[in-house]
Amino acid sequence: MRILLTGGSGDVGTLLAADLGRRGDHVVNIDMAPPRISGGTFINGSILDRHLLSRTMQGVDCVVHIAAWHGVHEKTKTPAEFHDLNVTGTFNVLQAAQEAGVRKFIFISSTSVADAHGLYGSSKLLGEKM
């Protein structure tokens, strides 16, 4: 199976990519940071780039959407940056997957959705609603 990991160079993506690779899946990782493990295909880019997402989705069987600013970034990122990546980026990934006919989509959210007033929790909650 060809599986796209958004934000696949982070902690969750690195662990998941290793497991998927051992299982025999082909992992495609789109991230701004280089991967910490070898294998699969790395695409250096952002989920805010709709054209890149559209090209990357071709032939993908499943998307695991991990990319997001997290609570630890609340002191260094603005509310607009949180909204851009966590909300607009999630919309872009969903739309590109739908347009490419991807049938399986996994959205990695957070228990922080219970804090609908925090930057991280509110942006992840909006992602869940999409």
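A crossing of two helices is called right-handed if the near helix is turned clockwise from the far one by less than a right angle. That is the case for α3 and α4 in this predicted model. Helix α3 covers residues 79–100 and helix α4 residues 119–129, and their axes come within 9 Å of each other, crossing at roughly 20°. Angles under 35 degrees count as roughly parallel, and α3 and α4 are therefore roughly parallel to each other. On the α3 side, the contact is made by Pro79, Phe82, Asn86, Val87 and Thr90, while α4 brings in Leu119, Tyr120, Ser123, Lys124, Leu126 and Gly127. Sorted by type, the residues of this α3 and α4 contact come out as six nonpolar, four polar and one charged.

Helix α3 also packs against α2, here at an angle of about 40° and with the axes 9 Å apart. With that angle, α2 and α3 are therefore oblique to each other. The crossing of α2 and α3 is right-handed too. From α2, the residues involved are Arg50, Leu53, Ser54 and Met57, and they meet Thr88, Phe91, Asn92, Val93, Ala96, Ala97 and Ala100 of α3. Seven of the residues in the contact of α2 with α3 are nonpolar, three are polar and one is charged.

Turning to the strands, there are five of them in an open sheet, and reading across gives the order β3-β2-β1-β4-β5, with parallel pairing. The edges are taken by β3 (41–44) and β5 (104–107), each of which pairs on one side only. From one strand to the next, the sheet twists by 15° on average. Inside the sheet, β1 (residues 2–6) and β4 (residues 62–65) pair in the parallel sense over four bridges.

Helix α1, residues 11–23, lies across β1, β2 (26–31) and β4, and runs at about 175° to β1. Helix α2, residues 50–57, lies across β1, β2, β3 and β4, running at about 180° to β2.

As for charged pairs, searching the whole structure turns up three salt bridges. One of them joins Asp11 and Arg36, with the closest N and O atoms 2.8 Å apart. This pair links distant parts of the chain: Asp11 belongs to helix α1, whereas Arg36 sits in the loop between β2 and β3, 25 residues apart.

Terms used: Residues are numbered from 1 along each chain as its sequence is written. This is a predicted model: local features need pLDDT of at least 70, side-chain atom pairs count only at pLDDT 80 or more; totals for chains, interfaces and linings use all residues. Side-chain values use heavy atoms; hydrogens and water are left out. Axes are lines fitted to C-alpha atoms, for helices over the stretch in contact, and angles run from 0 to 180 degrees between N-to-C directions. Helices (H or I, at least four residues) and strands (E, at least two) are DSSP runs, numbered from the N terminus. Angles under 35 degrees count as roughly parallel, over 145 as roughly antiparallel, 65 to 115 as roughly perpendicular and the rest as oblique. Contact means heavy atoms within 4.5 Å. Ala, Val, Leu, Ile, Met, Phe, Trp, Tyr, Cys and Pro count as nonpolar, Asp, Glu, Lys and Arg as charged, and the others, Gly among them, as polar. Two strands pair if DSSP finds at least two bridges between them. A salt bridge is a side-chain nitrogen of Lys or Arg within 4 Å of a carboxyl oxygen of Asp or Glu.
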